[in-house]
Amino acid sequence: RTVVMDAGIATEGNLAFLRERKWQYIVVNRGSHIFKPEDLHDMTVIRHDEKGETQVEVKRCQQAGETLLLCRSKGRVAKETGMRSRQETNFLDRLEYYRQGLSQKGHTKNYAKILEMIGRLREKYPGASKIYDVEVIPGKHTPGKVVQVENIIWKRRPGREQDEIWDGCYVLKTNRLDLGDREIWETYTMLTRIESAFRSLKASLGLRPNFHQKELRADAHLFISVLAYHILHIVEWKLRKRGDHRRWETIKQILSTHQRMTLEFQEKKHQQIEQCFIRLCSKPDVDQKMIYHSLGIRDMPLPRKQFIGL
């Protein structure tokens, strides 16, 4: 068994707990790491997309009985770059709005208030806040009057480009020395699949929120979610073996249009009107058939049935 944890709970205390019991683990390394910028130019590709383009590349290092694996994901690079770009744009737009307001009637010019507003702006956009130094220049102080702001200036901090080259990168740490680079990465990414699965299950099974007050009932409530996950995992695992790496939310959406229907109509027999019903399945489309065939089940799980109502 291997314990997999993200950076939020992969503290030194928790790792010491695992080592003391000689448990195996794969976690996200917290804090600084031993990799250098030049290591980004000497990475091994472990995953391609359908077009053959690089999706994930890694660099391996051994240290004190552990393996450190520097991972860089193309999708994560785009995500982090986009998030920082949006934060930076919004941060600068708001600073410019504050500065222009200094010369306009009805806008805040109070020195203490401006400092408070910029402080809140830094809290709202922490990523951009790390990139820029902001200086609020007060005007001349007149006794008995509130200090007004003369100008707001900002400049980009030097050397931030060195931090940006690590966009999309994270370091995995494990004591599973028997695993290869791809196996370590794929085992860790199971965590994201599990989180995604439980988000979907808690919504579709009505398992959230939990209104139970007694522990026994709450345990039963959670047990349903765990039991459902095992079924979900088997479905995803069988599909992955056939090369289909779609997640449960996507599979569920594709299969949602294949339904069991009831047709109701009236039929005249022997001078009497009878209420008749037909139960049948809709015809599956190509995508649905591929999923069924990968799982080894029939396209039409239930036969057509006709019966007369009472």
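Glu80 is partly exposed, with a relative accessible area of 25%. In this predicted model, Glu80 forms a salt bridge with Arg76, and the closest N and O atoms are 3.1 Å apart. Arg76 is also partly exposed, at a relative accessible area of 33%.

Glu88 is buried, with a relative accessible area of 17%. Arg156 is partly exposed, at 31%.

Helices H6 and H7 are also bridged. Glu236 forms a salt bridge with Arg193, the closest N and O atoms being 3.5 Å apart. Glu236 lies in helix H7 and Arg193 in helix H6, so parts that are 43 residues apart in sequence are tied together. Both ends fall under the 20% limit for buried residues: Glu236 has a relative accessible area of 5%, and Arg193 has 15%. Elsewhere, salt bridges link Glu12, Arg19, Glu66 and Lys173 in a network.

The structure holds 6 aromatic pairs. One of them, Tyr170 with Tyr188, is tilted, at 6.2 Å centre to centre and 40° between the planes. Tyr170 sits in strand S8 (residues 169–174) and Tyr188 in helix H6 (residues 181–204), so the pair links distant parts of the chain, 18 residues apart. Tyr170 and Tyr188 are both buried. Another pair is formed by Phe198 and Tyr229. Their ring centres are 5.3 Å apart and their planes are at 20°, so this pair is stacked; stacking requires planes under 30 degrees apart. Phe198 lies in helix H6 and Tyr229 in helix H7, so the pair ties together parts that are 31 residues apart in sequence. Phe198 is partly exposed, with a relative accessible area of 24%, whereas Tyr229 counts as buried at 13%.

Helix H6 returns in the pocket analysis. The largest pocket has a volume of about 1200 Å³. It is lined by 36 residues, of which Arg47, Trp185, Thr189, Thr192 and Arg247 are the closest to its centre. Two or more lining residues come from each of strand S3 (44–48), strand S4 (54–63), H2, H6 and H7. H6 provides the largest share, 10 residues. By class, this lining divides into 16 charged, 11 nonpolar and 9 polar residues.

The second largest pocket has a volume of about 740 Å³. Its lining consists of 24 residues. Glu80, the partner of Arg76 in the salt bridge described above, is among those nearest the centre of this pocket, together with Lys130, Asp163, Trp166 and Asp167. At least two lining residues each are supplied by H2, helix H4 (126–129), helix H5 (160–164) and S8. H2 gives the most, with 5 residues. The lining of the second largest pocket has 10 nonpolar, 9 charged and 5 polar residues.

Key
Residues numbered from 1 in each chain as written. Predicted model: local features only at pLDDT ≥ 70, side-chain atom pairs only at ≥ 80, totals over all residues. Heavy atoms only, no water. Phe/Tyr/Trp six-rings, centres within 6.5 Å; stacked < 30°, edge-to-face > 60°. Helix = DSSP H or I, 4+ residues; strand = E, 2+ residues; numbered from the N terminus. Buried < 20%, exposed > 50% of the residue type's maximum accessible area, 1.4 Å probe, protein only. Salt bridge = Lys/Arg side-chain N within 4 Å of Asp/Glu carboxyl O. 1 Å grid on protein atoms, 1.4 Å probe; cavity = no way out; pocket = protein on both sides within 12 Å on 5 of 7 lines; lining within 4 Å. Points joined across faces, edges and corners; volume = space filled by probe spheres on them. Nonpolar A, V, L, I, M, F, W, Y, C, P; charged D, E, K, R; others polar.
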